[in-house]
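Please examine the structure shown here, together with its sequence.

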Amino acid sequence: MLIALATAGVFALTACNGGSGSGGAGATSSGVIVQDSTVTVGEQDEPPSWNIYAQSGTGSGNSQWGNIFDALLDWNYDKKEYDPYLATSWESSADLKTWTFHLRQGVKFSDGTPFTVDDVLFSFDRMKNHPDSLMASHFAHVTKMEAPDQSTVVLHLDTPIASFLSDIEGRMIVSKHAYDTMGEDKANHAMIGTGPFKLESWVEGQQMTLVRNDNFWGDKPSVQKLVLKVIPDDAARLAALKSGEVQIIRELPSQDIPTVKNTPGVKVVTNPGVRILFMPFNPTIKPYDDPRVREAISKAIDVHTIVDGVFDGTVTEMKGPMPDFIPGADPSWKGHVYDPEAAKALVQEIGGGQPVKITFTSATGNYPGDTQVNQVVVEQLKAVGFDVQFDSPDFAVLSANQSKGKVGFYLITKGGYQDAGAVYTQYWLAGQSKRTMWDDPALNDVLTKQAAEPDTTKREALLKDAGNMLVDQDAAIWFGTYENLWATADNIKWQPNAGEWINGTDIDVLQK
């Protein structure tokens, strides 16, 4: 299987290196934008809940909600800086414990009611305190929220956090008025936002239909209707694109790149991604509390062969816990050490000559290539003497259990970050979240210091120290960063962003 997939990688690399897109045979368009058009997107999944805070963030979920709601600010991967949305500017105190946001004026929600500071305070409070929220960890150190006037929101922290904007970016603001007048359930279903589109209908398991929001404060999209159609099967999504049923599809399998390139009327669109694929350990669950078990698992898995063979060149292998283009990565990292003989010896030592029982958890079919990764990982772990139980719950179940600290060793991805501190803090700083339940005093000290360090050079040095600690302790197994692979009709003018969102304002339909 790996040999066959590696051979197909030649085609994938040819397409991916092009960057902006590669058209099928006979691709033509006039360059004239069709106004008031309808675009249908083939999505892999849909949001897990009507409560927009009851999720930890997925590309497809953000595409649906990110077109309806706005955040205060969001990261621009091209500019490598934050773009203003509902906040026009912001600043922090010298001690990095007080963050002030100045709000955009004259903004209205899709129902015509005004956007106010109360909406921001209400939304942040729901993220922090609602029992169903999976975003509470981003507000763990927020002790007080206040509005000194009608255009200013101030957040007070109990500790300095240099990267606090990464906790706030992309956190969408809902209408307090809607919740006060409708009640929670009806307001969740109404989805009243300030974004460029508003909800027309959502048939769960089938599709969400959005229509242009005439009250939007920014430039209006040329697209009048954006239909987000749920098509979980990769082959079915591609078939829908080729038939014209949809005009954009997410998560194009790399082995289908040659098919798209040779199909008239469609094209491949790619961009470098920042989503990392990795397998963390939770040492509060046995036997992962034993560092020898983590080391044996790490040495048993051939990361290089998996990345090369399964992903056809669409994943860039990481040499450590951060890709090298992210601030805080250490250029001295040598990469994963694969040593099955050493792994066998450790398993023999741990089990006293008997197989060591472990559970590996992954939501199969949720990430590109994860099915093949799961198969190879299980085989390689068994080959060195582990008795492996493979658990494959739905992603929503895995995500919820992971957030509650109930999963010991699992496959997951993390995207939407700007520096190493955002990931290290979320997964390995004690008390920040329950994703790994990690609690190492030395690591806690370094991560706390980097958060309070305003000097960029000194902060990056601390992040390198933290990354090396994670490597030394086999805190996880890191595979690499995904290339984002999409396919579109050839008359679609659209460039995806590294954050995996489909922004309807960026899409134009060209006249054929």
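In this predicted model, Phe390 lies in strand E17, which spans residues 386-391. Its relative accessible area is 34%; since buried means under 20% and exposed means over 50%, Phe390 is classed as partly exposed. Leaving aside residues up to four places away in sequence, Phe390 touches Phe360, Ser362, Thr364, Asn374 and Val378. Trp428 stands 38 residues from Phe390 in sequence, and the C-alpha to C-alpha separation of Phe390 and Trp428 is 24 Å.

Helix H7, formed by residues 234-243, may be followed from its start to its end. At the start of H7, Asp233 places a side-chain oxygen within 3.2 Å of the backbone nitrogen of Ala235. Within the helix, Arg237, Leu238, Ala240 and Leu241 are the buried residues. Viewed down the axis of H7, these buried residues fall within an arc of 155°, so they line one face of the helix. The exposed residues Ala235 and Ser243 are carried on the face turned away from that buried side. Just after H7, Gly244 adopts a positive phi of about 90°.

What do the buried residues of H7 pack against? Their partners are strand E3 (37-43), strand E13 (248-249), helix H8 (257-261), strand E14 (266-280) and strand E19 (476-489).

The next element pair is helix H9 (residues 291-300) with helix H11 (residues 340-351), whose axes come within 8 Å and cross at roughly 150°. Because angles over 145 degrees count as roughly antiparallel, H9 is roughly antiparallel to H11. The crossing of H9 past H11 is left-handed. On the H9 side, Arg292, Val293, Glu295, Ala296, Lys299 and Ala300 take part, and they meet Pro340, Ala342, Ala343, Leu346, Val347, Glu349 and Ile350 of H11.

A further pair is made up of helix H15 (residues 441-451) and helix H16 (residues 456-472), which pack at an angle of about 155° with their axes 9 Å apart. H15 and H16 are therefore roughly antiparallel to each other, and their crossing is left-handed. H15 contributes Ala442, Leu443, Val446, Leu447, Lys449 and Gln450 to the contact, while H16 contributes Arg459, Leu462, Leu463, Asp465, Ala466, Met469 and Leu470.

Definitions and conventions:
Residues are numbered from 1 along each chain as its sequence is written. This is a predicted model: local features need pLDDT of at least 70, side-chain atom pairs count only at pLDDT 80 or more; totals for chains, interfaces and linings use all residues. Side-chain values use heavy atoms; hydrogens and water are left out. Buried means under 20% relative accessible area, exposed over 50%, partly exposed in between (1.4 Å probe, protein chains only). Helices (H or I, at least four residues) and strands (E, at least two) are DSSP runs, numbered from the N terminus. The arc is that of the directions from the helix axis to the C-beta atoms. Contact means heavy atoms within 4.5 Å. A polar contact is a pair of N or O atoms within 3.5 Å; within protein, one must be able to donate a hydrogen and the other to accept it, and residues adjacent in sequence count only if both atoms are side-chain atoms. Axes are lines fitted to C-alpha atoms, for helices over the stretch in contact, and angles run from 0 to 180 degrees between N-to-C directions. Angles under 35 degrees count as roughly parallel, over 145 as roughly antiparallel, 65 to 115 as roughly perpendicular and the rest as oblique. A crossing is left-handed if the near helix is turned anticlockwise from the far one by less than a right angle, and right-handed if clockwise.
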